[in-house]
Amino acid sequence: MTELPLAAEPPHSARPVSHLKSIALKTYRMSVLVLIVFLIRDYYVRTRVQGKSPIELQEVQSFLPQAHSLKIDHSDRMGLFILDQNQKQIGYAIRTSPISDEIIGYCGPSDTLLVFDKTTEKVIGLSIRSSGDTTSHVKDVRNNQYFMNLWKQYSWDELAKLDLQHGEIEGVSGATMTSMGIAHTIAFRVQYSNQKSQIVQPFQFQMKDAILVLFCAGAYLITFTRLKHYHWLRNLFKATAFVYLGFLSGDLLAESLFAGWAKYSIPWRQSFGLVVLAVLAIFIPWATRRNLYCQSICPHGTAQEFLGRIVPAKRKWKVRPDVKKALRWIPVLLLVVVLTVIFIDLPIDLAELEAFDAYLLASAGIASILIAIIGLLASLFVPQAYCHYGCPTGTIFEFVRSHGRADRFGKSDYIAMLFLGMAFVFNQYAELIKQTLFQ
């Protein structure tokens with residue numbers, strides 16, 4: 001199988017590297033992939049926590065002067081750890097927006113900041129960051145020290161049990177609706193996080209999960225055991241995977257799938273079989289040099305392989321080295337688009353950038369169908385044309401694939417470093433880039 005653009009391309013004459021260097025290179029490649037996923041995840045968690053008006057350090061310092069930095073909490077509390085200059089936690093901060101934005105006071109919602117002390121776990125400060133209510137009403141609430149200090153008697157757990165229906169909190173005279181609106185946003189914000197943390201979706205192992213696990217086991221057997229010598233069995237397995245995974249279940253690995261998992265979470269409780277398939281697709285080539293998914297499971301790869309047998313070898317096209325070199329940049333450029341879409345929220349469906357959606361005929365997009373057709377037609381004359389020159393998902397699998405002691409730090413590794421730098425820039429400046437592009 002011809003290597004994809006991000007695969008290392010060690011010269012055959014090169015002297016094999018040591019086993020330790022080979023392990024270091026494998027670790028580097030997997031680390032790059034993990035760090036990019038972490039940066040995507042961190043950005044989306046930060047966006048959900050901070051919204052469009054992030055909490056600034058100086059806001060927190062008005063209640064905790066020793067605050068030195070803020071760190072995103074990835075838990076369901078969706079707040080910020082407040083750290084001192086020694087990076088020790090001294091408090092916790094949350095804002096009520098955007099979670100509580102549906103709660104209206106007099107004529108609009110209010111975004112409120114709450115700061116908790118780490119030691120006592122009680123509120124030590126509250127401020128109204130912004131409000132859609134009338135200016136005079138908001139001013140009355142801000143100037144009412146009794147209402148603003150009233151919250152200092154509550155801890156997080158006590159706020160979660162706050163009963164506003166029975167008058168546990170009294171509104172500010174003359175601004176009752178505004179102040180009670182703020183009270184409801186605070187209670188709802190804490191209760192929302194508590195309820196979310198208590199909801200644990202049950203583990204589900206359905207028939208489709210069992211079938212996917214069986215496909216994984218079958219692919220492993222025909223790749224690593226003597227069964228690989230039975231070509232009829234291998235063809236039968238691939239044809240079965242082609243029909244079931246391609247047209248019946250649609251459980252295919254694609255950039256759109258991995259992007260969603262990176263942004264939100266891995267649904268191992270609901271889609272155990274698909275998660276197992278994805279894990280094996282990444283770690284088997286990393287550990288064994290064999291690209292299990294692309295070579296034995298992927299329906300589009302199977303379709304290209306079978307179609308390629310129609311045209312005799314003598315009628316195949318031989319791609320010139322310079323053209324081949326240029327074509328191998330296509331999946332790399334597609335990965336640039338994918339990373340940009342993930343961070344910048346461009347109106348592009350990632351599923352439309354690959355051929356895999358075309359197999360789900362009821363929901364397939366035009367772009368996916370066209371890409372699939374072009375790739376299949378090309379495979380008649382260029383073996384596995386789409387796999388080598390068009391598939392961004394396969395490029396990632398091929399990048400992490402080990403080449404043993406013959407491996408070298410090459411062009412693909414420099415490109416991976418650039419992708420990591422790109423992800424870091426997006427993680428830090430995506431909002432600024434969005435404002436620049438769309439204003």
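**Charged pairs and an enclosed helix**

Arg320 and Asp322 join their side chains in a salt bridge, 2.6 Å from N to O; the term stands for a side-chain nitrogen of Lys or Arg within 4 Å of a carboxyl oxygen of Asp or Glu. Arg320 is exposed at 51% relative accessible area, while Asp322 is partly exposed at 43%. Here buried means under 20% relative accessible area, exposed over 50%, and partly exposed in between, with a 1.4 Å probe and protein chains only.

This is a predicted model, in which local features need pLDDT of at least 70 and side-chain atom pairs count only at pLDDT 80 or more, while totals for chains, interfaces and linings use all residues. Residues are numbered from 1 along each chain as its sequence is written, and side-chain values use heavy atoms, leaving out hydrogens and water.

The whole structure holds twelve salt bridges. One of them pairs Arg129 with Glu59 at 2.8 Å, N to O. That pair links distant parts of the chain, 70 residues apart: Arg129 sits in strand E5 (residues 123–131) and Glu59 in helix H2 (residues 57–61). Helices (H or I, at least four residues) and strands (E, at least two) are DSSP runs, numbered from the N terminus. Arg129 counts as buried at 19%, and Glu59, Arg95, Asp111 and Arg129 form a salt-bridge network.

Now look at helix H17 (residues 392–400): nine of its nine residues are buried, so the rest of the structure largely encloses it. Among them is Glu398, at 2% relative accessibility, whose side chain meets that of Arg401 in a salt bridge (2.6 Å, N to O). Arg401 is buried too, at 13%.
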